Amino acid sequence: MNKENFISEALYQCADVLPYYVGQKLNERYPETPIITGEEIDFDLEAFERAKQCEIVSVTELHNQVKTEWRGTEKPLRTRYENAWLSVLWQDHFIDVVFVTFIEEGYRTRYHWIIPESQTVGEKFLHAVCEWSSEVRSEILVFEDGWWEKDEDLFAAIKSASFDNLILPDELKQGIIADFDRFIAARTAYQEYGIPWKRGVLFVGPPGNGKTQMVKAIVNHLKLPCLYIKTFYSRCGAEASMKRVFARARRIKPCLIVMEDIDTLINEHTRSFFLNELDGFAENDGVMVLATTNYPKKLDPAMVNRPSRFDRKYHFGLPQKNEREKYLRVWSDKLHADARLTDEGITQIAKLTKKFSFAYLKELVLSSLMQWMENPMAGRMNQVMTKRAMTLQEQMKLKE
Ligand SMILES: Nc1ncnc2c1ncn2[C@@H]1O[C@H](COP(=O)(O)OP(=O)(O)OP(=O)(O)O)[C@@H](O)[C@H]1O
Ligand SMILES: [Mg+2]
């Protein structure tokens with residue numbers, strides 16, 4: 001087989017035989033070389049190169065297919081090798097890597113063949129690349145469709161999250177912070193007494209009252225690697241994903257697994273598998289799980305009520321009048337002097353907004369501000385927002 005046609009000929013093979021075929025042909029070509037094969041998701045050679053851990057020199061004899069991804073105006077384009085034969089310079093070693101991407105059981109799969117000068121170099125190289133991409137380097141790893149991705153936007157959002165903007169009853173806010181701080185500080189004590197240092201915390205409550213904001217502020221505060229689960233759905237099945245998530249968490253511990261809207265991530269078929277992973281008593285030492293839900297009733301009582309699973313539950317309820325006042329004041333203070341509410345206005349609107357969530361209050365402020373802009377007269381905001389609050393209140397009653 002010519003090198004120029006190597007990949008195109010491989011792609012003519014059906015998925016069942018393709019990996020075998022490529023392996024056999026490479027073996028014929030390099031009978032003395034120990035070739036390392038796999039489809040390891042962590043073998044992210046592109047990320048390794050971006051981090052300047054190696055240099056990729058494309059082999060020009062054949063056509064390398066590179067996929068280029070646009071990630072928005074402010075970010076550089078990102079490339080990924082789909083089908084390619086590369087020569088990689090890593091720590092004074094030249095190592096060839098062949099990538100072939102094909103459809104296996106309906107899903108795209110990228111196989112790699114590492115052709116090193118010796119078994120030891122090949123294995124060390126595989127370790128180095130996989131370790132690099134599996135480590136969370138001051139980034140947030142997001143798990144979606146069975147893959148891990150580093151999410152820079154979420155990382156930026158978390159970096160700027162703080163407890164300061166959160167208006168919550170003091171005992172709730174300080175209670176959560178103190179709970180995490182105490183737990184982190186108690187690591188050696190847990191070890192001394194032979195108790196696995198693990199924790200599950202669940203934030204419960206109706207939409208728009210700060211659960212997600214609190215999760216981000218906690219992640220930022222703890223400065224631990226964070227594995228953020230968007231979905232367990234994957235081509236290999238949810239159970240395989242769960243296994244993968246917990247396996248990674250155990251590798252990089254201490255770390256935090258975040259599962260927002262956990263009731264949508266787990267269903268009756270996958271629940272018991274999930275609980276087994278979560279319960280893994282000794283293995284989960286160093287793994288913290290932080291989950292949120294709007295619907296605790298949808299969760300199995302075995303998950304919510306067994307202390308070894310979610311040790312602590314915190315309830316994020318609708319804001320009380322004093323919290324609504326506080327929220328309106330914070331917003332008002334940020335506005336142009338002409339658009340601010342008076343003290344009486346704040347008290348009155350707080351009274352009118354019973355059963356509003358914080359997110360709904362935010363909506364009220366923003367829509368009132370837009371209306372006020374149509375006629376930006378000093379002192380008019382009280383009247384604009386009061387009227388809007390009454391309308392929204394009526395709409396809410398109609399929905400009830
Ligand atoms: N306690 C709060 N203090 C200040 N602002 C808040 C608070 N709760 C919510 N907000 C505002 O409402 C927005 C939505 O809040 P958040 O996403 O944290 O709600 P949530 O409880 O996670 O809701 P959901 O259950 O729908 O996911 C926030 O971006 C913030 O602007
Ligand atoms: Mg949320």
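**Stop one: a pair of strands**

Start by selecting residues 255–259 and 287–293: these are strand 11 and strand 12, which run parallel and are joined by 5 bridges. Strands here are DSSP runs (E, at least two residues), helices are runs too (H or I, at least four residues), and both are numbered from the N terminus. Two strands pair if DSSP finds at least two bridges between them.

Before going further, some housekeeping. This is a predicted model, where local features need pLDDT of at least 70, side-chain atom pairs count only at pLDDT 80 or more, and totals for chains, interfaces and linings use all residues. Residues are numbered from 1 along each chain as its sequence is written, while chains are lettered from A and ligands numbered from 1 in the order in which they are written.

Now pick Val 258, which sits in strand 11. Its bridge partner in strand 12 is Leu 290. Is Val 258 buried or exposed? Val 258 counts as buried, because 25 C-beta neighbours lie inside 10 Å. The cut-offs for that label: 20 or more other C-beta atoms within 10 Å of a residue's own makes it buried, 12 or fewer makes it exposed, and anything in between is partly exposed, with C-beta atoms placed from the backbone.

Show the contacts of Val 258 next. Leaving aside neighbours within four places in sequence, they are Val 215, Val 219, Cys 226, Tyr 228, Ile 229 and Leu 290. Contact means that the two C-beta atoms, placed from the backbone, lie within 7 Å.

Select strand 9 (residues 199–204). Strand 9 is mostly covered, with 6 of its 6 residues buried. Color Arg 199, Val 201 and Phe 203, which point one way, then Gly 200, Leu 202 and Val 204, which point the other way. Strand 9 runs parallel to strand 12, with 6 bridges joining them, and there Gly 200 stands opposite Val 289. Strand 9 also runs parallel to strand 13, this time with 4 bridges, and Val 201 stands opposite Arg 312.

Go to Ala 249, in helix 9 (residues 238–252). Ala 249 is buried, with 23 other C-beta atoms within 10 Å. Apart from neighbours within four places in sequence, Ala 249 is in contact with Leu 227, Cys 255, Ile 257 and Val 287.

Step along to the loop between helix 9 and strand 11, where you'll find Pro 254. Check omega for the peptide bond from Lys 253 to Pro 254: the bond is cis, with omega near 0°.

Asp 261 is not a glycine, yet has a positive phi of about 50°. Asp 261 is partly exposed, with 15 other C-beta atoms within 10 Å.

**Last stop: domains and the ligand**

Color by domain: domain 1 (3–134), domain 2 (152–315) and domain 3 (321–399). These bounds come from an automatic or database domain assignment. The C-alpha centres of domain 1 and domain 3 lie 58 Å apart.

Finally, center on ligand 1. Which residues are closest? Among the 17 residues that surround ligand 1, the closest are Pro 207, Gly 210, Lys 211, Thr 212 and Phe 358. The cut-off for this shell is a C-beta atom, placed from the backbone, within 6 Å of the molecule. Helix 8 (211–222) and helix 15 (358–374) are the elements that give two or more residues to the shell. Ligand 1 lies between domain 2 and domain 3, because both give residues to its shell.
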